[in-house]
Amino acid sequence: ETLTKLEEALAAARGDSAPQLCRYETKRVDEAFKLASRLPAGCDRDLPELHALRATITRRAADQNWFLKASSEARSKRKSCDLDAARERWSQALAALDADPGARCGRAAEEEGRAKAEFAELSRKIAWREELGKSLAKAEAETAPERRLEILRPVTSRLGALNSDCLGGES
């Protein structure tokens with residue numbers, strides 16, 4: 001009877017580690033461990049799988065939590081105009097999901113879509129900000145006024161697309 005319950009608990013624990021269900025809770029694997037401890041000596045053939053399942057469930061839950069926290073931090077950094085730090089944090093957050101594709105489900109998958117879109121937009125803004133800085137430096141070094149305008153013309157059309165709230169505080 002205990003062996004049958006263990007097999008049922010093991011099957012449920014396998015589901016808890018599956019990305020398709022995206023549950024990542026250790027309650028049922030812990031229950032299976034308790035059942036396995038009641039079996040007579042030598043009946044521990046399922047223990048290695050239980051240990052592996054618990055490790056997978058714990059790791060994926062931790063990866064999801066870390067990703068969600070890091071993405072939220074990146075968004076806060078972007079709102080406070082720390083654009084480079086925001087880009088770095090989103091890069092780290094997205095790399096965590098790349099390292100454990102099984103964690104890419106549920107809330108984490110939804111947030112990943114938002115984070116990728118915001119990361120791409122932020123990367124474009126940073127690139128244009130850098131291009132603007134280079135053009136301004138080049139124009140300042142130019143002695144002929146008409147040449148200054150010529151240098152700045154290509155980047156001035158992008159000024160409206162940049163986050164003007166952040167342009168003043170950045171160098």
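Which residue forms a salt bridge with R75? I looked this up before anything else. R75 forms one with E118, and the closest N and O atoms are 2.9 Å apart. I take a salt bridge to be a side-chain nitrogen of Lys or Arg within 4 Å of a carboxyl oxygen of Asp or Glu.

**Ground rules**

I note that this is a predicted model, in which local features need pLDDT of at least 70 and side-chain atom pairs count only at pLDDT 80 or more, while totals for chains, interfaces and linings use all residues. Residues are numbered from 1 along each chain as its sequence is written, and side-chain values use heavy atoms, with hydrogens and water left out.

**Entry 1**

I placed both residues. Helices (H or I, at least four residues) and strands (E, at least two) are DSSP runs, numbered from the N terminus.

I then checked burial, where buried means under 20% relative accessible area, exposed over 50%, and partly exposed in between, with a 1.4 Å probe and protein chains only. R75 is buried at 18%, and E118 is buried at 17%.

I also found the pair in a network of salt bridges that links R75, R78, E111, R114 and E118.

**Entry 2: other salt bridges**

I read off the total for the structure, which is 21 salt bridges. I looked at two more of them.

D16 and R28 meet through their side chains, at 2.9 Å from N to O. D16 lies in helix α1 (residues 2–16) and R28 in helix α2 (residues 27–37), so the pair ties together parts that are 12 residues apart in sequence. D16 is buried, with 2% relative accessibility. R28 is partly exposed, with 31%.

R87 and D84 also form a salt bridge, with the closest N and O atoms 3.5 Å apart. Both belong to helix α4 (residues 83–99), where they are 3 residues apart and separated by about one helical turn. R87 is partly exposed at 27% relative accessible area. D84 is partly exposed as well, at 37%.

**Entry 3: R60**

I went back to helix α3 (residues 47–79), which holds R60. Is R60 buried or exposed? R60 is buried, with a relative accessible area of 14%.

The side chain of R60 makes a polar contact with the side chain of D100, at 3.4 Å. A polar contact is a pair of N or O atoms within 3.5 Å; within protein, one must be able to donate a hydrogen and the other to accept it, and residues adjacent in sequence count only if both atoms are side-chain atoms.

I listed what R60 touches, not counting residues up to four places away in sequence: S17, P19, Y24, D100, G102 and A103. Contact here means heavy atoms within 4.5 Å.

Most residues other than glycine have a negative phi. I noted two residues with a positive value.

Y24, one of the residues that R60 touches, has a positive phi of about 45 degrees although it is not a glycine. Y24 sits in the loop between α1 and α2 and is buried at 6% relative accessible area.

C81, also not a glycine, has a positive phi of about 70 degrees. I found C81 in the loop between α3 and α4, buried at 19%.

**Entry 4: L50**

L50 is in helix α3. L50 counts as buried, at 0% relative accessibility. Which residues does L50 contact, leaving aside its neighbours within four places in sequence? They are L6, L10, V29, A32, F33 and A36.

I also looked up L50 and A86, which are 36 residues apart along the chain; their C-alpha atoms are separated by 39 Å.

**Entry 5: α5 against α6**

Two packed helices are described by the angle between their axes and the distance between the axes. For helix α5 (residues 106–141) and helix α6 (residues 145–156), the axes come within 9 Å and cross at roughly 175 degrees. The axes are lines fitted to C-alpha atoms, for helices over the stretch in contact, and angles run from 0 to 180 degrees between N-to-C directions.

α5 and α6 are therefore roughly antiparallel to each other. Under 35 degrees counts as roughly parallel, over 145 as roughly antiparallel, 65 to 115 as roughly perpendicular and the rest as oblique.

I noted the residues that meet: W128, E131, L132, S135, L136, K138, A139 and E140 in α5, with R148, I151, L152 and V155 in α6. By class, this contact has 7 nonpolar, 1 polar and 4 charged residues. Ala, Val, Leu, Ile, Met, Phe, Trp, Tyr, Cys and Pro count as nonpolar, Asp, Glu, Lys and Arg as charged, and the others, Gly among them, as polar.
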